[in-house]
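Hi,

Here is the structure I promised to pass on. My notes follow below it.

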Amino acid sequence: MSSDTPGSDEARERRLDALCVEGWALFDEFDRRVRDREFHPFVAADYELVRAALVRFRSPGARFLEWGSATGVITIMADLLGFEAFGIELDASLVRQAERLAAGFASRARFVTGSFLPAGYKWRSPVANEFSATTGEGASGYLELGMALDDFDVVFGYPWSGEAPMMLDLMRQFGRSDALLLMHDTTAGVQAYRRGKKITASS
Ligand SMILES: C[S@@+](CC[C@H](N)C(=O)[O-])C[C@H]1O[C@@H](n2cnc3c(N)ncnc32)[C@H](O)[C@@H]1O
């Protein structure tokens, strides 16, 4: 297959490159328009690091869910890599942005407005005074998706400081026991967990 052939590996790599470039432009614009004026919990993960993690754990046809999908870049990336990809995001204007971005990349990634927390879930940290400060509240998004957390093979989240234990707890309580959780960390990069245990490069 030549590099110009739609569906070739080279064509897909070029689409992913273009998606990352557009994703950063959207985040820069969001930074100026929104974050320079008020607090907003959307901070973009390092798209290149997340892309490498998705390639590593790629499994075409597997179901992928992004918790807090913002402008949709990572969910669309997962779709372009062959996952059946979904995003749940609390901010409806970001969901509309994600849908526009998906349309621009002919992506079938699907987004819903809502909370990635299952209905009734309350995070109780075992550490005194540690609480989930930036995860917002809203109607759970799973009903609109028509799927539950344990329908997903791979889940991605970018927790704010102190929220990683909550994401691990969510997977323990509601995820499929063999599902993979990918968490972005500003210093450690993308960390992968299965059954609550970190997966090392050799595992
Ligand atoms: C740190 S940003 C990560 C954005 C994107 N996942 C990435 O890695 O580039 C967290 C996102 O989660 C969203 N969010 C916060 N609480 C949420 C909730 N309970 N349910 C769904 N989305 C939520 C925020 O609006 C924000 O877009």
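A residue is called buried here when its relative accessible area is under 20%, exposed when over 50%, and partly exposed in between (1.4 Å probe, protein chains only). This is a predicted model, in which local features need pLDDT of at least 70 and side-chain atom pairs count only at pLDDT 80 or more, while totals for chains, interfaces and linings use all residues. Residues are numbered from 1 along each chain as its sequence is written, and side-chain values use heavy atoms, without hydrogens and water.

Let me begin with the aromatics. Rings of Phe, Tyr and Trp (its six-membered ring) pair if their centres lie within 6.5 Å; planes under 30 degrees apart are stacked, over 60 edge-to-face, and the rest tilted. The whole structure holds nine such pairs. Phe-64 and Phe-83 make a tilted pair, at 5.8 Å and 55°. Phe-64 counts as buried because its relative accessibility is 0%; for Phe-83 the value is 3%, so that residue counts as buried too.

Now the sheet. Helices (H or I, at least four residues) and strands (E, at least two) are DSSP runs, numbered from the N terminus, and two strands pair if DSSP finds at least two bridges between them. Seven strands form an open, mixed sheet in the order β3-β2-β1-β4-β5-β6-β7. Strands β3 and β7 each have a single partner, so one side of each lacks a neighbour in the sheet.

Best wishes
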